[in-house]
Amino acid sequence: MTTKPAEFTWTFCRIGGLEQIIFTDAESVCRLRELDPKLWVALSCPAQGLEFDQRTLQLIDTDRDGRIRIPEVVAAAEWLCQRLVDPAAITVEDQDAMPLAAIATGTDDGDRLLKTAKTVLASLGRGDADALTQEDVRQATLHASEQMFNGDGILPALPGLPEDVRLFIQDAMAVIGGIDDVGGAPGIDKAIADAFVSALKSWRDWTGLVAGADAPSGRTRRPPGKSWISSGARLTTTSSAATSPPIPPPPSTGSTSRKCP
């Protein structure tokens with residue numbers, strides 16, 4: 001028999017004529033997904049111009065459309081709660097540094113986060129430090145942006161790379177899409193590179209099928225030209241023998257109220 005989770009009791013306060021949620025503890029942040037969207041004061045807000053750390057706003061705005069919406073706030077809250085040994089740490093005031101001991105390890109994400117934090121501190125010559133600040137991250141990011149191989153697993157089309165490598169990266173970003181490295185430069189990672197190579201193989205197999213297909217007149221169709229052009233998110237081919245339509249590629253809550261403080 002499945003046990004139904006205990007219903008969480010939200011605490012409200014009337015402010016400016018509106019009943020608004022009061023986040024009294026970390027549990028209310030971690031259970032934000034359970035709050036009915038109709039009870040949110042706003043459905044979205046701008047990702048800049050707020051009295052809030054700008055870099056954090058950019059990270060929460062995952063689709064980078066310049067606005068932060070409810071699903072993005074919920075996802076950020078859950079991401080944080082899942083990676084802390086005790087989510088109550090987020091309610092501690094006047095704490096500028098995050099102790100490394102507060103990171104929940106034992107999962108791939110937690111282990112990766114702890115390793116990254118230690119790497120950041122080591123890059124600043126403070127490998128024995130036991131806490132990390134936002135300024136530490138900013139300084140490490142600035143330093144990493146000046147390095148060709150900064151260890152983040154993302155490779156931009158940098159001028160220092162061989163021309164064929166740069167062209168591969170640029171075409172992969174045009175066809176599959178890119179991702180920003182730690183310094184903010186767009187590039188590709190292994191997953192994008194693998195997807196691009198797979199797309200190229202599919203295109204090559206398709207052109208082979210076209211080359212061997214019979215035209216309606218009974219004559220063998222001439223193979224498409226060897227050049228291919230990446231445009232936006234499509235891979236197209238040019239052909240000098242478009243005498244017939246081309247063969248398409250295979251489908252690849254309860255609540256309580258109280259007076260405001």
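Trainee: Which residue in strand 9 is the bridge partner of Leu155?

Mentor: This is a predicted model, in which local features need pLDDT of at least 70, side-chain atom pairs count only at pLDDT 80 or more, and totals for chains, interfaces and linings use all residues. Residues are numbered from 1 along each chain as its sequence is written, and side-chain values use heavy atoms, with hydrogens and water left out. Strand 7 and strand 9 (residues 186-188) run antiparallel and are joined by two bridges. Within strand 9, Leu155 has as its bridge partner Ile188.

Trainee: In what order do the strands of that open sheet of three lie?

Mentor: Two strands pair if DSSP finds at least two bridges between them. The edge strands, each pairing on one side only, are strand 7 (155-156) and strand 8 (179-180). With antiparallel pairing, the order of the open sheet is 7-9-8.

Trainee: How many helices and strands does the protein chain have?

Mentor: Both are DSSP runs numbered from the N terminus: helices are H or I runs of at least four residues, and strands are E runs of at least two. By that count, the protein chain has seven helices and 12 strands.

Trainee: At what angle does helix 6 run to strand 9?

Mentor: Axes are lines fitted to C-alpha atoms, for helices over the stretch in contact, and angles run from 0 to 180 degrees between N-to-C directions. Helix 6 lies across strand 7 and strand 9. Its angle to strand 9 is about 95°.

Trainee: Are helix 6 and helix 7 roughly parallel or roughly perpendicular to each other?

Mentor: Helix 6 (residues 163-175) and helix 7 (residues 190-212) have axes that come within 10 Å and cross at roughly 80°. Angles under 35 degrees count as roughly parallel, over 145 as roughly antiparallel, 65 to 115 as roughly perpendicular and the rest as oblique. Helix 6 and helix 7 are therefore roughly perpendicular.

Trainee: Which residues of helix 6 and helix 7 make the contact?

Mentor: Contact means heavy atoms within 4.5 Å. By class, this contact has seven nonpolar, no polar and one charged residues. Ala, Val, Leu, Ile, Met, Phe, Trp, Tyr, Cys and Pro count as nonpolar, Asp, Glu, Lys and Arg as charged, and the others, Gly among them, as polar. The residues are Phe168, Asp171, Ala172 and Val175 of helix 6, with Ile192, Ala193, Phe196 and Val197 of helix 7.

Trainee: Which residue in the turn between strand 1 and strand 2 has a positive phi?

Mentor: Strand 1 (residues 9-15) and strand 2 (residues 18-21) run antiparallel, joined by four bridges. Ile15 stands opposite Leu18 in strand 2. The two strands form a hairpin with two residues between them, and the one with a positive phi, about 60°, is Gly16.

Trainee: What is the phi of Arg64?

Mentor: Most residues other than glycine have a negative phi. Arg64 lies in the loop between helix 2 (54-60) and strand 4 (67-69). Its phi is positive, although the residue is not glycine, with a value near 55°.

Trainee: Is Arg64 buried or exposed?

Mentor: Buried means under 20% relative accessible area, exposed over 50%, and partly exposed in between (1.4 Å probe, protein chains only). Arg64 has 60% relative accessibility, so it counts as exposed.

Trainee: Is Ile22 buried or exposed?

Mentor: Ile22 is in the loop between strand 2 and helix 1 (26-30). The C-alpha atom of Ile22 is separated by 7.7 Å from that of Trp10, 12 residues apart along the chain. With 18% relative accessibility, Ile22 counts as buried.

Trainee: Which residues does Ala102 touch, leaving out those up to four places away in sequence?

Mentor: Ala102 is in the loop between strand 5 and helix 4, and its relative accessible area of 17% makes it buried. Ala102 and Val85 are 17 residues apart in sequence, yet their C-alpha atoms are 5.4 Å apart. The residues touched by Ala102 are Arg83, Leu84 and Val85.

Trainee: What relative accessible area does Ala89 have?

Mentor: Ala89 is in the loop between helix 3 (70-82) and strand 5 (97-99). Its C-alpha atom is 7.7 Å from that of Ala102, 13 residues apart along the chain. Ala89 is partly exposed, at 28%.
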